[in-house]
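Hi,

Here is the structure I promised to pass on to you.

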Amino acid sequence: MGIKQVRALTTTLPSVTWIPLARAHAERADEMTAGHRSRRATGEKHAIEDFLYDYYGTRPAQLRRWHPGVGAGLAPAPAGLAEQGTWKFYMTFPDGVVTLDQVAFLHARGESVRYIHGLLTATASRPVFSGCFGLHEWAMVYRDPDHRHPLPLRLGQAETDRVVEQNPIRCTHFDAFRFFTPEAVGLNRLQPTRATQVDLDQPGCLHAAMDVHKWAQKLGPAVPGALALDCFALAGDIRLLDMQASPYDLTSYGHEPVKIETPEGKAEYVARQREFARRAAALRARLIRVCEELMGPENAVRNREAVAPFNHR
């Protein structure tokens, strides 16, 4: 990406440190995506795991690329300069240290960084709401014989519809709400839109928690490799609960349902939901710090003030 004279690094990693980190990262990523890559080679579909790749646009090759993160430099190795120096948004100093080119990155993605920072900050400011019980997946099949997944409904269509009608629907996340059937839209106590996402996203929502992977991908090379994979791992774990609590029968995949139509199922869902919220909060805080390192302290403060009216709602 060219030679720059201005250096602003938090740390410079020697090759004996960053080469093993990069190798371990690639191995971990390969292990996490092995099933998907194997299925892709044969054209096999997976109703649970494909979501991470189709909906989020996750690419295994990109996931296995290790980035040191904003503010970190990679010293030359005996075999030569770090290969990241040839990647987009990287720069190389005259002494061979390779690092993220923050100016170029912000020039290209500054608006996204500000939006992500604002959304994550607003979301983190709110209490966990755990009274939705995963009914968004039920609302996506309500009174509709055409389902998104080629799986049977474990209660059948009529009983599935009855569960939707007998339980309050309180979905706060637009990217779940937008897949509701037309008949289910009016049953939701809120009517989320893309414009109100910063106003409504809350840390107990499974989809908002899964989205830490989405935002880590959007922040790309600014996110340290370990954080990126932790976000992906969390999204995968949450996706399983999302489907276990859905109306679909997952016995063909070897998974038992979380029967949210029962008091026991609701209690199990809430317990797991709160643990995921705890994990997501830690990752969300780390992504906020990435944004603030990119933006600088003064811009970060201004951006926090801009979303302050949305906080704690």
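Below is what turned up, going from the whole protein down to single residues.

First, some ground rules. This is a predicted model, where local features need pLDDT of at least 70 and side-chain atom pairs count only at pLDDT 80 or more, while totals for chains, interfaces and linings use all residues. Residues are numbered from 1 along each chain as its sequence is written, and side-chain values use heavy atoms, with hydrogens and water left out.

**The whole protein**

You'll find 13 helices and four strands in the protein. Both are DSSP runs numbered from the N terminus: helices are H or I with at least four residues, and strands are E with at least two. Along the principal axes, the C-alpha atoms fill a box of roughly 70 × 50 × 30 Å.

How does the radius of gyration fit a compact globule? A compact globule of 313 residues would have a value near 20 Å, and the protein has 21 Å, which agrees. That radius is taken over C-alpha atoms, and the globule rule is 2.2 Å times the number of residues to the power 0.38.

As for burial, 51% of the 313 residues count as buried. Buried means under 20% relative accessible area, exposed means over 50%, and partly exposed is in between (1.4 Å probe, protein chains only). The accessible surface comes to about 14,500 Å², and 55% of that belongs to carbon and sulfur atoms. These areas come from the Shrake-Rupley method with a 1.4 Å probe, and for residues only the protein chains shown count as cover.

Now for contacts, meaning heavy atoms within 4.5 Å. Take the contacts between residues at least 6 apart in sequence: 73% of them join residues at least 24 apart.

The protein also has 38 positive and 35 negative charges, and their mean positions are 4 Å apart. Lys and Arg count as positive, Asp and Glu as negative, and His and the chain ends are not counted. Each charge is placed at NZ of Lys, CZ of Arg, CG of Asp or CD of Glu.

**Cysteines**

How many disulfides does a search of the whole structure find? It finds zero, where a disulfide is a pair of cysteine sulfur atoms within 2.5 Å. For Cys231, the nearest cysteine sulfur is that of Cys291, 11 Å away.

**Two positive phi angles**

Most residues other than glycine have a negative phi. Phe133 is not a glycine, yet its phi is positive, at about 60 degrees. You can find Phe133 in the loop between α4 (102-124) and α5 (135-139), and it counts as buried because its relative accessible area is 16%.

Arg143 has a positive phi as well, near 50 degrees. Its place is the loop between α5 and α6 (156-166). Is Arg143 buried, exposed or partly exposed? Its relative accessible area is 48%, so it is partly exposed.

- Asn167 is in the loop between α6 and α7 (174-177), and it counts as buried at 16% relative accessibility. Leaving aside neighbours within four places in sequence, Asn167 is in contact with Leu135 and Lys266.
- Arg40 sits in helix α1 (residues 15-42) and counts as exposed, at 52% relative accessibility. From Arg40 to Phe129, C-alpha to C-alpha, the separation is 37 Å.
- Pro94 belongs to the loop between β3 (90-92) and β4 (98-100), and it is exposed, with a relative accessible area of 57%. Pro94 and Gly296 are 202 residues apart in sequence, and their C-alpha atoms are 25 Å apart in space.
- Asn299 is part of helix α13 (residues 297-307) and is partly exposed, at 36%. Its C-alpha atom is 22 Å from that of Arg126, 173 residues away along the chain.
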